[in-house]
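This report describes the fold of one protein chain for a reader who is new to structural work. It begins with the chain as a whole and then turns to individual strands, helices and residues.

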Amino acid sequence: MAAPDLQEIHDFLISLAFRAGEIINNALPDTGGAGSKKNSADLVTEYDRAVELMISTSLKEKYPDYAFHGEETYDPAKPLTDAPTFIVDPIDGTVNFVHGFPCACVSLGFAVGRVPTVGVVYNPVTKNLYSAIRGRGAFLNREKRLPLKGGNVEPLSGLSNALISIEWGSDRSGANWETKVRTFEKLGQSKEDGGAMVRSMRSLGSAALNICAVAEGTLDLYWEGGCWAWDVCAGWAILAEAGGIMVDANPGGWETRLDGRKYLAVRGAPEAGQREIVEEFWSYVQGRLDY
């Protein structure tokens with residue numbers, strides 16, 4: 001098999017992202033009728049499947065030799081392998097999609113050897129397009145190189161000066177939930193009470209957009225457990241090309257797998273500062289996430 005043409009794949013994924021964006025924009029729910037929140041599960045399922053079908057069909061026609069790993073067609077009996085693989089989330093941020101909150105996107109990744117190699121993330125509401133090819137940089141709207149501050153990137157100076165992103169997730173019980181909630185408390189708590197007292201916390205509701213915000217430098221860190229390879233693959237490729245790093249959400253995990261389901265993303269900065277803030281963050285994680 002010939003080596004993948006990464007530029008061609010990148011450009012084709014962008015074209016698919018724009019086509020998916022048209023489907024998503026035409027599906028944005030109204031305040032009543034068939035698009036009301038009471039029908040949200042059916043709405044999300046219908047458009048998730050429609051977008052993924054369009055993407056998977058197009059990719060299989062153009063690249064029949066490459067594997068496909070998508071949210072809507074995921075089969076636990078067919079785990080991610082080292083083969084060149086398209087890893088796709090047709091609509092990341094489905095709760096936002098249902099509510100009309102403008103943080104939903106199509107996330108299109110390509111991995112080789114389970115390494116995120118090409119990433120395209122497109123928010124059809126804001127028209128923001130994030131993209132990257134391994135070794136060739138990351139960009140916003142194909143023009144602005146990430147991180148947005150370029151050579152003026154501020155050093156990381158501890159959690160007390162950090163804007164971080166967290167997510168509640170859909171599983172609100174059990175040990176993982178307790179770990180998340182206790183960790184959130186420690187992160188926000190005052191230093192006098194033993195907390196990190198981070199500058200503030202955000203929840204964008206989309207793993208891909210959280211990672212892209214870290215890549216562009218508008219967020220400093222993003223901590224998550226429970227999401228999947230299709231949530232993070234494209235964003236991870238973009239983050240890495242913007243000088244950021246991805247480590248395990250659990251303390252001590254400097255190496256994390258694409259399908260590991262536990263992630264801590266850190267924006268581009270001098271390496272020493274990245275390591276210091278990771279270790280500081282890990283010191284406030286209350287327990288271990290187990291997915």
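In this predicted model, the protein chain contains seven helices and 12 strands. Its radius of gyration is 18 Å, close to the 19 Å that the globule rule gives for 291 residues, so the chain is as compact as a globular protein of that length. Along the principal axes, the C-alpha trace of the protein chain spans about 60 × 50 × 40 Å.

Several totals describe how the chain is packed. Of its 291 residues, 52% count as buried. Among the contacts in the protein chain with a separation of 6 or more, 65% are made by residues 24 or more positions apart. The accessible surface comes to about 13100 Å², and carbon and sulfur atoms account for 49% of that area. The protein chain carries 28 positive and 38 negative side chains, and the centres of these two sets lie 2 Å apart.

**Strand β3 and its partners**

Strand β3 covers residues 105-112, and seven of its eight residues are buried, so the strand is mostly covered. Which strands pair with β3? One is β2 (residues 85-92), which runs antiparallel to β3 and is joined to it by six bridges. Within this pairing, I87 has G109 of β3 as its bridge partner. Another is β4 (residues 115-123), which pairs with β3 in the antiparallel sense over seven bridges. Here S107 stands opposite V121 of β4. As a general point, the side chains of a regular strand alternate between the two faces of the sheet.

The strands β3 and β4 form a hairpin with two residues between them, and in this hairpin G113 takes a positive phi near 65 degrees. R114 is placed in the loop between β3 and β4. The phi of R114 is likewise positive, near 65 degrees, although this residue is not glycine.

Helix α4 comprises residues 174-188 and includes T183. T179 lies in helix α4 as well. Is T183 buried or exposed? T183 has a relative accessible area of 0% and is therefore buried. T179 is also buried, with a relative accessible area of 4%.

Leaving aside neighbours within four places in sequence, T183 is in contact with W223, Y284, V285 and Q286. On the corresponding basis, without residues up to four places away, T179 touches W223, Q286, G287, R288 and L289.

**Backbone features in loops**

N141 is placed in the loop between β6 (138-140) and β7. A cis peptide bond joins L146 and P147, with omega about 0 degrees. P147 is located in the loop between β7 (144-145) and β8 (163-165).

| Residue | Relative accessible area | Class |
|---|---|---|
| T183 | 0% | buried |
| T179 | 4% | buried |
| R114 | 34% | partly exposed |
| N141 | 33% | partly exposed |

The cut-off for a buried residue is under 20% relative accessible area, and partly exposed residues fall between that value and 50%. R114, at 34%, is therefore classed as partly exposed.

Conventions. Residues are numbered from 1 along each chain as its sequence is written. This is a predicted model: local features need pLDDT of at least 70, side-chain atom pairs count only at pLDDT 80 or more; totals for chains, interfaces and linings use all residues. Side-chain values use heavy atoms; hydrogens and water are left out. Helices (H or I, at least four residues) and strands (E, at least two) are DSSP runs, numbered from the N terminus. The radius of gyration is taken over C-alpha atoms; the globule rule is 2.2 Å times the number of residues to the power 0.38. Buried means under 20% relative accessible area, exposed over 50%, partly exposed in between (1.4 Å probe, protein chains only). Contact means heavy atoms within 4.5 Å. Accessible areas come from the Shrake-Rupley method with a 1.4 Å probe; for residues, only the protein chains shown count as cover. Lys and Arg count as positive and Asp and Glu as negative; His and the chain ends are not counted. The place of a charge is taken as NZ of Lys, CZ of Arg, CG of Asp or CD of Glu. Two strands pair if DSSP finds at least two bridges between them.
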